Amino acid sequence: MSGQRLKDRVALITGASRGIGRAVALAFAREGAHVIAVARNRGDLEELDDEINDAGGAVTLLRLDITNGDKVDALGPTVLDRFGRLDIFVGNAGILGPLSPLPHVSERDWHQVLDINLTANWRLLRTLDPLLKQSDAGRVVLVSSGAAHRCRAYWGPYSVSKAALEALARTYAHEVENTPVRINLVNPGPVATAMRAKAMPGEDPETLPQPEDLAEIFIQLALPDCDRNGEVVDYKA
């Protein structure tokens, strides 16, 4: 595989089986990283495994529901036993949730969006923090959205979850500023993903940037010499 800007780095990516997460996993592998690909769908993970291995890359598959707190808490010790450290964590997994007036949102749906988009990333940071600090340059990249600030009608749970995710990242950025760890967020904007199709069903996906178009931003934020911290980086086609 070409590139090798991430040669021998260990990178854990959630939501790695499709969309932006899959594109980032492939790009990181091309750049020499050993990718720990986390997702729920075994079939999609196996397809990713085939593509990375066929191209000469290195990948470890981890089928995991990130709302399962006990299993997420065990992830840090598991990665430590296998790799001894973690250099990169990309928190990409997320859901749109209901597009509905706030009074009509069910408690179940509210909790599901917050559990996946926010709480899971907090738990992942908590369990992976010691490993990232053992790296010479631990890098965290989370995925935000313009919805964190636009707060349009009917997008309540999703907007709230992404606004809170940005607060989580900025808080952690201050806490790690005297360590080798740096954390930033990417705002992808409109991208041709399944989530975007659900939100905007009448939109032609061919008119949108593709997930692989965003991969370079994630690479840049994952590099050991990246000194940005606590920033939201907007993708601009």
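Buried means under 20% relative accessible area, exposed means over 50%, and partly exposed lies in between. The exercises below use these cut-offs. The model is predicted.

**Exercise 1. Classify aspartate 8: buried or exposed?**

Step 1. Locate the residue. Aspartate 8 sits in the segment before β1 (10-14).

Step 2. Read its accessibility. The value for aspartate 8 is 53%.

Step 3. Apply the cut-off. Exposed means over 50%, so aspartate 8, at 53%, counts as exposed.

Step 4. Check the backbone. Phi of aspartate 8 is near 70 degrees, a positive value in a residue other than glycine. Most residues other than glycine have a negative phi.

Step 5. Tyrosine 154 is found in the loop between α6 and α7 (156-175).

**Exercise 2. Describe the overall build of the protein: how many helices and strands are there?**

Step 1. Count the elements. The protein has nine helices and seven strands.

Step 2. Take the dimensions. Along the principal axes, the C-alpha atoms fill a box of roughly 50 × 40 × 30 Å.

Step 3. Look at burial. Of the 237 residues, 51% count as buried.

Step 4. Look at the contacts. Take those between residues at least 6 apart in sequence: 71% of them join residues at least 24 apart.

Step 5. The accessible surface comes to about 11000 Å², and 48% of it belongs to carbon and sulfur atoms.

**Exercise 3. Work out the setting of helix α9. Which of its residues are buried?**

Step 1. Find the helix. α9 spans residues 215-222.

Step 2. List the buried residues. They are Ala215, Ile217, Phe218, Ile219, Leu221 and Ala222.

Step 3. Draw the conclusion. Six of the eight residues are buried; α9 is mostly covered.

Step 4. Name the cover. What lies over the buried residues includes α1 (19-30), β4 (88-91), β5 (139-143), β6 (182-187) and β7 (232-234).

Step 5. Glutamate 216 is found in α9. Its relative accessibility is 34%, so glutamate 216 counts as partly exposed.

Step 6. Glutamate 216 and proline 103 are 113 residues apart in sequence and 40 Å apart in space, C-alpha to C-alpha.

**Exercise 4. Compare two side-chain polar contacts. Which side chain does glutamate 203 pair with?**

Step 1. Read its accessibility. At 27%, glutamate 203 is partly exposed.

Step 2. List its contacts. Beyond residues up to four places away in sequence, glutamate 203 touches Arg196 and Leu208.

Step 3. Name the partner. A polar contact of 2.7 Å joins the side chains of glutamate 203 and arginine 196.

Step 4. Move to threonine 60. This residue lies in strand β3 (residues 58-63). At 16% relative accessibility, threonine 60 counts as buried.

Step 5. Find the polar contact here. The side chain of threonine 60 pairs with the side chain of histidine 34 at 2.7 Å.

Step 6. Widen the view. Setting aside residues up to four places away in sequence, threonine 60 touches His34, Val35, Ile36, Ala37, Arg82 and Phe83.

**Exercise 5. Relate sequence separation to spatial distance. How many residues separate alanine 147 and alanine 163 along the chain?**

Step 1. Check burial. Alanine 147 has 5% relative accessibility, under the 20% cut-off, so alanine 147 counts as buried.

Step 2. Read the separation. Alanine 147 and alanine 163 are 16 residues apart along the chain, with 7.9 Å between their C-alpha atoms.

Step 3. List the contacts. Leaving aside neighbours within four places in sequence, alanine 147 is in contact with Trp155, Tyr158 and Ser159.

Step 4. Tryptophan 122 lies in helix α5 (residues 107-134) and counts as partly exposed at 39%. Tryptophan 122 and alanine 169 are 47 residues apart in sequence and 9.1 Å apart in space, C-alpha to C-alpha.

Key
Residues numbered from 1 in each chain as written. Predicted model: local features only at pLDDT ≥ 70, side-chain atom pairs only at ≥ 80, totals over all residues. Heavy atoms only, no water. Helix = DSSP H or I, 4+ residues; strand = E, 2+ residues; numbered from the N terminus. Buried < 20%, exposed > 50% of the residue type's maximum accessible area, 1.4 Å probe, protein only. Contact = heavy atoms within 4.5 Å. Polar contact = N/O pair within 3.5 Å; in protein donor to acceptor, adjacent residues only side chain to side chain. Areas by Shrake-Rupley, 256 points an atom, 1.4 Å probe, with all protein chains shown as cover.
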